[in-house]
Amino acid sequence: MKKQVLMVVAAIAMVVLATSCQKVPQEQIDAAQAAIESLKTVQADLYVPAEFAAVQDSMTATLAAVEIQKSKTFKNFDAVKAQLDAIMQAVPQVTASAEAAKAQVKSATEEMVTTINTILAENKELGLKAPKGKEGAAALEEIKNELTMIENTVTETTQLITNGDYLGAQVKAKAAHERAMAINVELKEVIAKVKRW
């Protein structure tokens with residue numbers, strides 16, 4: 001009888017030791033952190049910031065859970081491992097979202113560049129029709145200089161697209177588009193006034 005009791009106590013002690021000696025899943029943690037770093041490589045933090053932040057927050061919570069388990073007598077990292085698996089599954093989805101967002105920004109910016117070039121060509125034609133009086137000549141010279149600046153911005157934008165900086169290109173393209181449109185409206189108004197006179 002004593003032997004049986006001792007065997008049961010020994011079995012319980014072995015189970016307790018086995019669960020309390022569970023090790024931190026360091027390899028999984030390292031892999032998850034490396035995967036999150038790879039998201040920065042594809043610029044997920046810039047193109048899909050909400051999704052990137054969600055993965056980072058999940059990792060922060062997981063690391064906090066690891067610390068809580070480390071402080072316990074009976075350590076259990078099963079929940080931590082499940083969280084790490086979820087992070088590893090989320091990373092490819094976020095990567096795909098970032099690539100799709102990049103492609104969308106690139107395409108939209110390229111379309112905007114085409115539109116700007118069309119507006120620039122129209123502005124040059126309108127400049128020929130605009131009144132050339134004393135004030136008109138000075139205003140037209142100023143517009144001509146602005147159109148040159150916009151053309152330079154378009155060249156810079158195209159270079160940024162070639163270099164893969166689609167967000168930077170988008171910012172420049174938007175500014176150039178707004179200015180080209182403003183000049184277009186201004187020229188049309190001046191020509192319309194002259195026609196009315």
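Start by selecting Lys106, a residue that counts as partly exposed because its relative accessible area is 30%. This is a predicted model, so keep the confidence colouring at hand for later.

Lys106 and Glu110 form a salt bridge, with their closest N and O atoms 4.0 Å apart. Both residues belong to helix α5 (residues 78–129), where they are four residues apart, or about one turn of the helix. Glu110 has a relative accessible area of 35%, so this residue is partly exposed too.

Select Arg179 and Glu146, and show their side chains. They meet in a salt bridge, at 2.3 Å from N to O. Arg179 sits in helix α7 (residues 166–196) and Glu146 in helix α6 (residues 134–163), so this pair ties together parts that are 33 residues apart in sequence. Is Glu146 buried or exposed? Its relative accessibility is 18%, and because buried means under 20%, Glu146 counts as buried. Arg179, at 31%, counts as partly exposed.

Move on to helix α2 (residues 26–41) and pick out Lys40 and Glu37, which are three residues apart there, about one turn of the helix. Here you will find another salt bridge, with the closest N and O atoms 3.3 Å apart. Lys40 is partly exposed at 35% relative accessibility, and Glu37 is partly exposed as well, with a relative accessible area of 44%. How many salt bridges does the count come to? The total is seven, and the tour has called at some of them.

Now for a residue away from the charged pairs. Select Thr62 in helix α4 (residues 49–71). With 0% relative accessibility, Thr62 counts as buried.

Finally, colour the chain by pLDDT.

Key. Residues numbered from 1 in each chain as written. Predicted model: local features only at pLDDT ≥ 70, side-chain atom pairs only at ≥ 80, totals over all residues. Heavy atoms only, no water. Helix = DSSP H or I, 4+ residues; strand = E, 2+ residues; numbered from the N terminus. Buried < 20%, exposed > 50% of the residue type's maximum accessible area, 1.4 Å probe, protein only.
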